[in-house]
Amino acid sequence: MPAIVLQTTPKMAQRQFVDRVMGALLSLATLIALAPLVLVIAFILGNGAAGINLDLLTQLPKPVGELGGGLANAFVGTAILIALAVLMGVPVGILAGVYLSEFGHSRFASLLRFLTDVLTGVPSIVIGIVAYSAIVLPMHSFSAVSGGFALALIMVPVVTRTTEEALKRVPQALREAALGLGVAEWKSILFVVIPSGMGGIVTGVMLAVARISGETAPLLFTAFGSRFWQDGLNKPIAALPLQIFQYAVAPYKDWHNQAWAAAFMLMLLILGLNVCVRVLTRSGFQRVR
Amino acid sequence: MAAVQVAPRSRRLPSFLGAANLPDLTFRGIVFVIGALGLVGIIALIVGSMIAESMPAIRAFGPSFMVSNVWDPVKRQFGAIPFVYGTITTSLIALIIAAPISIGVALFAVEMAPPWLGNAISVIVELLAAIPSVLLGLWGIFVMVPFLQRVVEPWLIDRFPGVPLFEGPPYGVGLLAGGLILAIMVVPTIVAVSRDVVVAVPIAQREAMLALGATDWEATARAVLPYCRSGLLGATILGLGRALGETMAVTMVIGNRADISASLFHPSYTMASVIANEFTEATNDLYVSALVEVGLLLFGVTIVMNMIARLLVWSTARASEAQLRMA
Amino acid sequence: MVGISLAASLESVATEQRAEVVTRAAKGLETRNVNAYYGNFEALHDVTLDMQANKVTALIGPSGCGKSTFIRCLNRLHEVVRDARVEGRVLLDGQDLYEPGIDPVIVRRNIGMVFQRPNPFPTMSIFDNVAAGLRLNGVRSRALLTDKVEKSLVQAALWDEVKDKLKKPALALSGGQQQRLCIARTIAIDPTVVLMDEPCSSLDPISTLKIEDLIYDLKQTVTIVIVTHNMQQAARVSDYTAFLLGNEQRAGELVEYGVTKVIFTNPSDVRTENYITGRFG
């Protein structure tokens, strides 16, 4: 009777070898994919740290060719633009998310949901063109408002989907309990469901803010940038990523240094927001109380 | 509680609006008008203004816009080919590099790595996705491009003399730089979606292959990968969509010259870059309109890619669910 | 020699078909003091069991008693789960499958498994599904594959129903047909032992009967170990029956084991009797 051989044969050894090689390749792929993150952050931290000083945060840019100065107006400008974008975009996004989650069971709603997802993939430069045509042209001027509008257009689909997901996580039992107690639908949504999902809504907004704070392309011909303090929301306004771009492609070494330093600050802001969201999510911020 | 007012039910209202009382109706109205119609309005605004603003150029050049490679603002002759070429080439380079690597990362994270490592990888990938384009471009200009110019490109010229892909002086900036930086930006997208797709493959598939006497890699390659191949394709196309629309990082490293050349070292121009660079310099309305038409082209292609990709990914998810539910 | 070169042995099979089926002797499987763990949780304790060659051994017991865990220890599939491990010995033809240096992949080639829910490979045709294991082992010859696929489908009582549509996708088949396809896929590589984890639990009664019939024929060439929660099935199909008891608080243990007829008519342990007469479980 033939015995059963359990020892490794040459063919088997070959297959084992392939298995090990592929495993090594997969590990290598992971290292290669993650290396840029490490490299980029390292360089920004390394090159940027040296340029961080009080001047950067408090001084206006000097005239072209002169050394020194800072990016105070860009920091303020980014803050203003984010505020405008949040004011214009977040209410629409949250309400749209409420619609999709609480009332969105029709074919229209499914189509809207799909289109919203597709919207998140619209190139931001195209959004810039839209804002240009909608606001800059009629106003005959670049402005903070148009920049904020462009950023709001980017925020809305993101906030819509994160709000919908957050509200979907609220257990149906909660809604039924409220309605069963005789609470009107609008009250139940406004005072029970939305507060329960508030954690997810807030983190969604934070992630959207993190995203728009680094957006440059849509600001190129809306906010346009400026080397002076803000003079009203209907005038051009400086923004941090915009300034980084303009300084990086210019020939002045001093500007390059400032660009790295500004990148450092922007990176801190964005990574900080992302880490915050992560920590909040893990600590049960989103769980229904 | 206040007495509930019962409004007469109108048969002409859509059922969504058929709330029983005024406060509910008002609330639903607000949500619908600002939320839903707001979204619809945004979509309409985007599509509408892109088409409207590019109309002058569409009327002036018609279909020749897509095939002409003359971009002469002075003579008011505009053709999009140089930018289409640059966009396609850099995106292809990006995908060829990023797709296999990203799918490899997804497989590693799901099939090989212990859970803590798999999660750590997801976190790192998400952080990579959060880096703004302009910051990657900054790193690109001052770190990657000099490296390409001094080390990589000369080496390639040395090793592959006479190959048209590697001809010409090593500028550093150019198609290769653009493709590489796009690859870095596209990896997080493909990894994230691929990971979801691979996780959705039922364990029973892998176990069935293992039970036949397969090594881990064979089980992955013969059972898992074929099962989710359309989802992986969707992930790749989503990455392509992202690559096509990327602006800042590419603009900063591609050299910004409207030339078509076979060499990867040659400076080039993408659709997004030309808009970014020339929009504010556009001296006449036809110029602006031509740029917007380039944007419209970009918009159309990205939207279509996005839709196809989502349908592919969605169909894989449905297939897994269906199999699980099957008796 | 089974295991050295499947391709080579298959070539000799092609010329000695009938003789091969009759004289081929399956081997018995024995476990000695097997403990199985998921992390720190002990799912099986000290299971010592003999599964006779060319016989059907049924494993019965209440849900969660560890029957599935046990058979997954037999083909070293248990250890695929993270933090899962096995202690003790599992002997195939006297060789310990868990000896260091033995590749689980080779073990699984010799001990096949049919799962609770049919799991054909959806992107493959019926033919390719059955041929999957053969291709894994390097069999490329078209003639050999076709021959082997047909033989396996015949043994799995599926040939007549699919012989005209071998290229059709596997998912086009009904549930019962898919399970027989999975059986064909498993036996195509000539395993010594075939493990079946509740193979009929998701099927209709007619498909169940078809499979029980083919099990009866199959045991002439392989040793079969079948987990079932259906006692009538165990009584119909098996030569030997083992009764296990365990739950989330207690590790599964072998209570009693013996000839099926005896177990069902005159069990020695009162727990067995309680289970069989339906007083619990």
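Residues are numbered from 1 along each chain as its sequence is written, while chains are lettered from A and ligands numbered from 1 in the order in which they are written. In this predicted model, local features need pLDDT of at least 70 and side-chain atom pairs count only at pLDDT 80 or more, whereas totals for chains, interfaces and linings use all residues.

We may begin with confidence, given as pLDDT (the predictor's confidence in each residue, from 0 to 100). Chain A has a mean pLDDT of 90, with 97% of its residues at 70 or more.

Turning to chain B, its elements comprise 12 helices and two strands, taken as DSSP runs numbered from the N terminus (helices: H or I, at least four residues; strands: E, at least two). Their order along the sequence is α-α-β-β-α-α-α-α-α-α-α-α-α-α. The C-alpha trace of chain B spans about 80 × 65 × 35 Å along its principal axes. Of the 327 residues of chain B, 51% are buried (20 or more other C-beta atoms within 10 Å of the residue's own, with C-beta atoms placed from the backbone).

Finally, the interface: 69 residues of chain B are in contact with 69 residues of chain A (C-beta atoms, placed from the backbone, within 7 Å). Helix α1 (residues 22-61) of chain B supplies the largest share of the chain B side, 18 residues.

Key
Contact = placed C-beta atoms within 7 Å. Buried ≥ 20, exposed ≤ 12 C-beta atoms within 10 Å, placed from the backbone.
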